[in-house]
Protein chains: 2
Amino acid sequence: MNKLPERIRIKDIARLADVSVGTVDRVIHGRSGVSEASKKRVEEILKQLDYQPNMYASALASNKKYTFICLLPEHLEGEYWTAVELGIHEAIATYSDFNTSVKINYYDPYDYHSFVDASEAILTLQPDGVMVAPTAPQYTKGFTDRLQALNIPYIYIDSNIKDVPPLAFFGQNSRQSGYFAARMMMLLARGEKEIVIFRKIHEGIVGSNQQENREIGFRQYMEEHHPSCNILELDLHAERNDEDNEMLDEFFRAHPTVKNGITFNSKAYIVGEYLQSRGKKDFNLIGYDLLERNVTCLKEGSISFLIAQQPELQGANGIKALCDHLIFKKDVTCINYMPIDLLTVETIDYYHSK
Amino acid sequence: MNKLPERIRIKDIARLADVSVGTVDRVIHGRSGVSEASKKRVEEILKQLDYQPNMYASALASNKKYTFICLLPEHLEGEYWTAVELGIHEAIATYSDFNTSVKINYYDPYDYHSFVDASEAILTLQPDGVMVAPTAPQYTKGFTDRLQALNIPYIYIDSNIKDVPPLAFFGQNSRQSGYFAARMMMLLARGEKEIVIFRKIHEGIVGSNQQENREIGFRQYMEEHHPSCNILELDLHAERNDEDNEMLDEFFRAHPTVKNGITFNSKAYIVGEYLQSRGKKDFNLIGYDLLERNVTCLKEGSISFLIAQQPELQGANGIKALCDHLIFKKDVTCINYMPIDLLTVETIDYYHSK
DNA sequence: TGTATATTTGTGCCCGCACACGAAAGATAT
DNA sequence: ATATCTTTCGTGTGCGGGCACAAATATACA
């Protein structure tokens, strides 16, 4: 009477199937050289005992290396994508014993050629997995088609794209988050009839379909619940401070009664810092993402609410999905919407994304 | 010219220090039997190369087993603690290759003897780590003192206790969460001058200091920002439905103008379902925790906001902290406040705690 | 100087698994 | 019947590190 150990090993399977560990190994990995009879016997016991390999021992023995490449928009330190990078490196660190490494490449979100060039470079490097922020949907398909052909799995973060489904997507449902933002805005606005949307435009290009979708959701809520509310718009440049401030001055001179506003990008601090500099305390501002400058505005009162989307977690989960797929051979959920988090001065200190 | 591999191994250290792997191993584990000279040399190289052991190989070789015991309040399926258990099992599953196992024991939160008996039982089992929900602070110290004496690390979840600091605490800052709840309540209330707090009392015992602290925070906000607001109270029993409904009927008959209420426990659905059954649509209700029945109320409109505290993550992080400490020898942050999450009908579908 | 005893160091095996190599058994050809 | 090839299978080695034991060196004492 042999008692089985809690954790089933290949050795145990082999003994029960009356074959050697080599044969069990061949069955598990679907390699050739096993008779139908043995194969069947082993597979049956494997299933019956629900054998789960020790992935650490497996990784140790196989001694394989995995290299991933991420393709993100160029950005300055402290901007939104910095947080995504943090998550990426964090995930790589937790999987470092599996011989994983990552390289982050960049493209100019306002120049489509740049994206194509960068994706070309990645293809020649033949990584084991790719993670890309497809802020320019129309130029992504050519890239992912080639990845598909090379059998390289790829992850989308931040924005999703209809076309071919990736291995996984991590990001917010932008439309819904805009819809939610509208409800929060109107809760602050208390029946006011004027709202302003602050946009950010660079050479006529919005630069991210996230922003557009958030605005669509926002307007949908307004139509459904406050159809009589007047929605104004102001396009800022987010480049030279004084220029933006002048435009804001002009706007508020022309619309002195507007008391509520929202930005659908991560640059709410531009408006927040303006409000602070002008001593305007009666304005309700909602913005996106926990940039340091946004958080400062939130704490000092010039921003009422920030909506966050856990960028670190997006980056980390993207890498984890690649590892789950390639190393652990686990099934990966394709669509992964991140939570829509509302942060206020009362809750900001307790927010983190681990 | 020897090129070092990306990942430094004991073997590499040994070669550089001109000793055997056995000696390096002894230095790493602080075992005796190493001359001062060798020790110093090895330690220097260790530090210089920032050697990080392959924890998976280490776990494989040492072949140690770790058993943890959790002590939670008894509860029915679907209540708050179910989610904590989920997180516990999830974490154990991810660490299963490290030979970890967990056992969950229960005590009656309304009977202090029960807690003492249960903790006694745990001490005789001599687990490698303990996680406890100290809802009865005054009876916990005797237990943790004994654990300390046995050198068994312990984690608090949900509530923290002043006394002796545990290895780590995971839970919400209850006071602050009540403070935040008050702000949200008043945002919904729009200048109304009456608020009702629904409590839950069982045989005169509140059963959790979380609830009390949330109420303290709530009242603090009200005093600071709406001192003239009238705060009513209603104690429910949460046992037989009809009895609670009668009390609610009576309350609303006596106070027909009250349009805003909050519960500081997870039983908001008692009030939510009541409102629904009576067709009261003009009442703003805020509650805690994502029980299925609460979520249903949120979706159907009888609850406006739910405040969540990621119970799965609390459970999972507690186990992870024990593993980090015992297996990976990593430093563990002692105080870990969970985020204060606001959920609405617009965001609930995107909320999850992974 | 030799022997006994500490102290320090090196070696080998094992953990669970992957993979290469070679042995054994069966099939086909001559 | 023997040689050759193919299919099927078992064994051995190594991944990085823990630990027991043996070996080597140092120290004590006669």
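This is a predicted model: local features need pLDDT of at least 70, side-chain atom pairs count only at pLDDT 80 or more; totals for chains, interfaces and linings use all residues.
Let us begin with chain A on its own. Chain A contains 13 helices and 12 strands. Its radius of gyration is 26 Å, well over the 20 Å that the globule rule gives for 354 residues, so chain A is more spread out than a compact globule. You can see this in its outline too: along the principal axes, the C-alpha trace of chain A spans about 85 × 45 × 35 Å. Of the 354 residues in chain A, 42% are buried. Now consider which parts of the sequence touch one another. Among the contacts in chain A with a separation of 6 or more, 70% are between residues 24 or more positions apart.

One stretch of chain A carries a label from a record. An unreviewed UniProt entry annotates residues 8-62 of chain A as "domain: HTH lacI-type". In the model, this span is 67% helix and 0% strand, and its end C-alpha atoms lie 20 Å apart.

Next, bring in chain B. A rotation of 180°, with 0.1 Å of shift along its axis, superposes chain B on chain A with an RMSD of 0.1 Å. The two copies are thus related as by a two-fold rotation axis.

How do the two chains meet? In total, 26 residues of chain B are in contact with 26 residues of chain A. On the chain B side, the elements that give two or more residues are helix 4 (55-62), helix 8 (174-189) and strand 12 (341-343). By class, this side of chain B has 15 nonpolar, 6 polar and 5 charged residues. The copies meet through the same surface, because 100% of the interface residues of chain B are also interface residues in chain A.

Now turn to the DNA. Around DNA strand D there are 25 residues, and the closest are Ser20(A), Gly22(A), Ala61(A), Arg9(B) and Ala61(B). The surface near DNA strand D divides into 11 nonpolar, 12 polar and 2 charged residues.

His29(B) sits in the loop between helix 2 and helix 3 (36-48) of chain B. With 7 other C-beta atoms within 10 Å, His29(B) is exposed. For a sense of distance, His29(B) and Gly301(B) are 59 Å apart in space, C-alpha to C-alpha, and 272 residues apart in sequence.

Two other loop residues have a backbone feature worth a look. Most residues other than glycine have a negative phi. Asp289(A), however, has a positive phi of about 75°. Asp289(A) is in the loop between strand 9 (284-288) and helix 12 (292-300) of chain A, and it counts as buried, with 21 C-beta neighbours inside 10 Å. Over in chain B, Gln310(B) also has a positive phi, near 50°. Gln310(B) lies in the loop between strand 10 (305-308) and helix 13 (311-326) of chain B, and with 24 C-beta neighbours inside 10 Å it counts as buried.

Definitions and conventions: Residues are numbered from 1 along each chain as its sequence is written. Chains are lettered from A and ligands numbered from 1 in the order in which they are written. Copies are superposed by least squares on the C-alpha atoms of residues with pLDDT of at least 70 in both. Two residues are in contact if their C-beta atoms, placed from the backbone, lie within 7 Å. Helices (H or I, at least four residues) and strands (E, at least two) are DSSP runs, numbered from the N terminus. Ala, Val, Leu, Ile, Met, Phe, Trp, Tyr, Cys and Pro count as nonpolar, Asp, Glu, Lys and Arg as charged, and the others, Gly among them, as polar. A residue is near a molecule or strand if its C-beta atom, placed from the backbone, lies within 6 Å of it. The radius of gyration is taken over C-alpha atoms; the globule rule is 2.2 Å times the number of residues to the power 0.38. A residue is buried if 20 or more other C-beta atoms lie within 10 Å of its own, exposed if 12 or fewer, and partly exposed in between; C-beta atoms are placed from the backbone. UniProt positions are given in the numbering used here, feature names are shortened, and annotations may be inferred rather than shown by experiment.
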